Amino acid sequence: MTLYLVGYMSAGKSTVGRMLAELLGYEFVDTDIYIESRFRQRVSDLFRLHGEEYFRQKERMILEEIAGLPDAVIATGGGLPVYHDNMDILLESGTVLYLRYSSEVLAQRLELTKRTRPSVAHLSGDELRQHIEESMRLRDPIYSRAHRIIDMEALAKQGISSETKIAHWIAQQLAAAE
């Protein structure tokens with residue numbers, strides 16, 4: 001089985017994905033790290049030196065390479081599902097899980113990690129939240145096409161808030177669905 005994790009930046013796709021892959025005995029692939037390895041440049045440098053369209057073409061190229069990779073958990077970059085017909089490819093080649101947070105919670109999470117995220121590093125407070133809200137107006141309908149939507153805030157209210165607990169919960173849900 002191929003599992004894809006989609007969602008906005010800082011939703012926990014890479015951290016949860018790595019733990020979920022370990023629990024399932026699957027390979028873990030982070031598309032941003034895969035791009036950096038494949039093209040020998042950091043994602044931020046690809047954006048800065050060549051522009052977003054060039055990066056999205058490279059992202060599409062690697063998606064075609066890894067789509068349907070057996071026994072894998074693949075954490076996508078936040079924008080990957082939004083461009084081209086990438087979400088269709090994800091939906092057709094595996095099970096897509098959307099890690100959903102509200103814009104407010106995403107803004108809180110990004111405040112802690114934004115220095116490593118070039119597209120939002122210069123934003124703070126209301127500006128950051130507004131940027132996320134604008135992005136999510138476009139992205140949420142696409143992300144929501146996922147096979148399963150995981151309401152991360154509802155899980156937290158149930159005491160399932162650490163990435164380890166979330167990965168265990170997802171693994172249990174997948175096992176119950178089989």
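1. Strand 1 (residues 2-6) pairs with strand 4 in the parallel sense, over four bridges; strands are DSSP runs of E of at least two residues, helices are runs of H or I of at least four, and both are numbered from the N terminus. Two strands count as paired if DSSP finds at least two bridges between them. Within this pairing, L5 is opposite L97 of strand 4. Strand 4 is also joined by four bridges to strand 5 (residues 148-151), and these two run parallel. Here L99 faces I150 of strand 5.

2. The model is predicted: local features need pLDDT of at least 70 and side-chain atom pairs count only at pLDDT 80 or more, whereas totals for chains, interfaces and linings use all residues. Residues are numbered from 1 along each chain as its sequence is written, and side-chain values use heavy atoms, with hydrogens and water left out.

3. The protein has nine helices and five strands, and their order along the sequence is β-α-β-α-α-α-β-α-β-α-α-β-α-α. The radius of gyration is 16 Å, close to the 16 Å that the globule rule gives for 178 residues, so the protein is as compact as a globular protein of that length. This radius is taken over C-alpha atoms, and the rule is 2.2 Å times the number of residues to the power 0.38. Along the principal axes, the C-alpha atoms fill a box of roughly 45 × 35 × 25 Å.

4. Among contacts between residues at least 6 apart in sequence, 73% join residues at least 24 apart; a contact means heavy atoms within 4.5 Å.

5. In helix 5 (residues 86-93), the buried residues are N86, M87, I89, L90 and L91. Their cover includes strand 1, helix 4 (52-66), strand 4 and helix 7.

6. Two aromatic pairs are counted, under a rule that requires ring centres of Phe, Tyr or Trp (its six-membered ring) within 6.5 Å; planes under 30 degrees apart are stacked, over 60 edge-to-face and the rest tilted. F47 and F55 form a tilted pair, at 4.7 Å centre to centre and 35 degrees between the planes. F47 is partly exposed, with a relative accessible area of 30%, whereas F55 is buried, at 2%. The rings of Y98 and Y143 have centres 5.1 Å apart and planes at 50 degrees, so this pair is tilted. It links distant parts of the chain, with Y98 in strand 4 (residues 95-100) and Y143 in helix 7 (residues 125-143), 45 residues apart. Both Y98 and Y143 are buried.

7. M136 also lies in helix 7 and counts as buried, at 9% relative accessibility. Residues up to four places away in sequence aside, M136 touches Y8, Y98, S103, P141 and Y143. The C-alpha atoms of M136 and S102 are 9.2 Å apart, and the two residues are 34 apart in sequence.

8. An unreviewed UniProt entry lists S10, A11, G12, K13, S14, T15 and R117 under "binding site"; positions follow the numbering used here, feature names are shortened, and annotations may be inferred rather than shown by experiment. S14 is placed in helix 1 (residues 13-24) and is partly exposed at 25% relative accessibility. Apart from neighbours within four places in sequence, S14 is in contact with F28, D30 and A75.

Methods:
Buried means under 20% relative accessible area, exposed over 50%, partly exposed in between (1.4 Å probe, protein chains only).
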